[in-house]
Amino acid sequence: AALAGVVEYRNVTFAYPGAESPVLSNISFTARPGQTIAIIGSTGAGKTSLLSLLPRLYDPAEGQVLLDGVPVDRLDRAEITKRVALVPQRPYLFSGSIGHNLRFGKTEATDQELWDALRVAQGESFVREKKNGLDSRISQGGTNVSGGQRQRLCIARALVTKPRVYLFDDSFSALDVATDARLRAALKRTTSDATVIIVAQRISTITEADQILVLDNGRIVDRGTHEELLETSPTYQEIVES
Ligand code: DGT
Ligand code: MG
């Protein structure tokens, strides 16, 4: 069957195991192939928690998370991993070569596929500059590459798997504004038929999103395009001005 990549959260409420109060309350939205949905909100608002429910790092207490109309708890985990790529907020690299790290989700990827992904992720030149290219070693935790390089390698790693759905958790914040803009333009070209959900800190990262969800204290308090929210959302205006 064709995998479209429609993501739907339906009245989702979620609390961490053992916690008393929910960190997400009554979350509903739909993200379709070709769309970019952005999530913005202050620290602790629940952005990372929200993303974590799609790849089933956790399951909601109430409501449903659906992928192509099927509740994710009825899908095989391997199936979800194949369709959904999460670039985590703290991107993780393990000790091994760059190539090894990039093939994490798709061991059979060719070198050409890795370079293609690196080009999109704006990581091609710094890998080419290394004497051993894709064979260059990354130390445990990626401590011998910068934060921005680490983010770009983790974005490239996601691209290599060619998923239907991308979840970017604050993946652009360690990049300068120009690199951020180039990367997103390249992403837009190569992922034009995928579903993209972006958590962001910087407004400039998300002004072109099809829909922005403003998350506050675990609730979607406002939603709309950048222009709409500038008119209608005091919470959004506060974020823009901060
Ligand atoms: P950020 O990344 O600092 O901008 O914040 P968000 O919006 O990603 O927030 P999130 O989802 O990490 O945290 C929401 C709330 O949930 C916050 O009060 C901290 C709490 N929380 C996060 N992770 C865990 C966890 O693993 N266990 C428990 N018990 N609470 C957690
Ligand atoms: Mg977070």
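Reader: Which helices and strand each supply at least two residues of the lining of the largest pocket?

Author: Quick heads-up: we're looking at a predicted model. In it, the largest pocket has a volume of about 510 Å³. The elements that each give at least two residues to its lining are helix H2 (77–83), S6 and H6.

Reader: And which element gives the most to that lining?

Author: The pocket is lined by 18 residues, and Thr81, Val84, Ala85, Leu86 and Phe104 lie nearest its centre. Strand S6 covers residues 84–87. With 4 residues, the element that gives the most is S6.

Reader: Where does S6 sit in its sheet, and what is the strand order?

Author: S6 is an edge strand, and so is S12 (219–224), since each of these pairs on one side only. The sheet is open, with 6 strands and mixed pairing. From one strand to the next, the twist averages 15°. Reading across, the order is S6-S9-S10-S3-S11-S12.

Reader: What angle does H6 make with S6?

Author: Helix H6 (residues 147–160) packs on the sheet, where it touches S6 and strand S9 (165–169). Angles here run from 0 to 180 degrees between N-to-C directions, so the value tells you how the two directions compare. For H6 and S6 it's about 175°.

Reader: In which sense do S3 and S11 pair, parallel or antiparallel?

Author: Strands of a sheet pair through backbone hydrogen bonds, in one sense or the other. Here S3 (residues 36–40) and S11 (residues 211–216) share 4 bridges, and Ile40 stands opposite Val214 in S11. Helix H9 (residues 234–241) lies across S3, S11 and S12, at about 90° to S11. The sense of the S3 and S11 pairing is parallel.

Reader: Which residues coordinate the magnesium ion, and how many residues apart are they?

Author: The magnesium ion (ligand 2) is held by Thr48 through OG1 and Gln89 through OE1, at 2.0 to 2.3 Å. Thr48 belongs to helix H1 (residues 47–52), while Gln89 is in the loop between S6 and strand S7 (96–97). So this pair links distant parts of the chain, and Thr48 and Gln89 are 41 residues apart.

Reader: Why does Thr48 count as partly exposed?

Author: Partly exposed is the range between buried, under 20% relative accessible area, and exposed, over 50%. Gln89 falls in that range too, at 32%. Thr48 gets the label because its relative accessible area is 36%.

Reader: Is His226 buried or exposed?

Author: His226 is in helix H8 (residues 226–232). Beyond its neighbours within four places in sequence, His226 contacts Ile203, Thr207, Ile212 and Tyr236. The cut-off is under 20%, and His226 comes in at 11%, so His226 counts as buried.

Key:
Residues are numbered from 1 along each chain as its sequence is written. Chains are lettered from A and ligands numbered from 1 in the order in which they are written. This is a predicted model: local features need pLDDT of at least 70, side-chain atom pairs count only at pLDDT 80 or more; totals for chains, interfaces and linings use all residues. Side-chain values use heavy atoms; hydrogens and water are left out. Two strands pair if DSSP finds at least two bridges between them. Contact means heavy atoms within 4.5 Å. Donors are N, O and S atoms within 2.8 Å of the metal (3.2 Å for Na, K and Ca); water is not among the atoms, so sites may look incomplete. Buried means under 20% relative accessible area, exposed over 50%, partly exposed in between (1.4 Å probe, protein chains only). On a 1 Å grid over the protein atoms alone, a cavity is a set of points where a 1.4 Å probe fits but cannot get out, and a pocket is an open set with protein on both sides within 12 Å along at least five of seven lines; lining residues have an atom within 4 Å of a point. Grid points are joined across faces, edges and corners, and a volume is the space filled by probe spheres set on the points.
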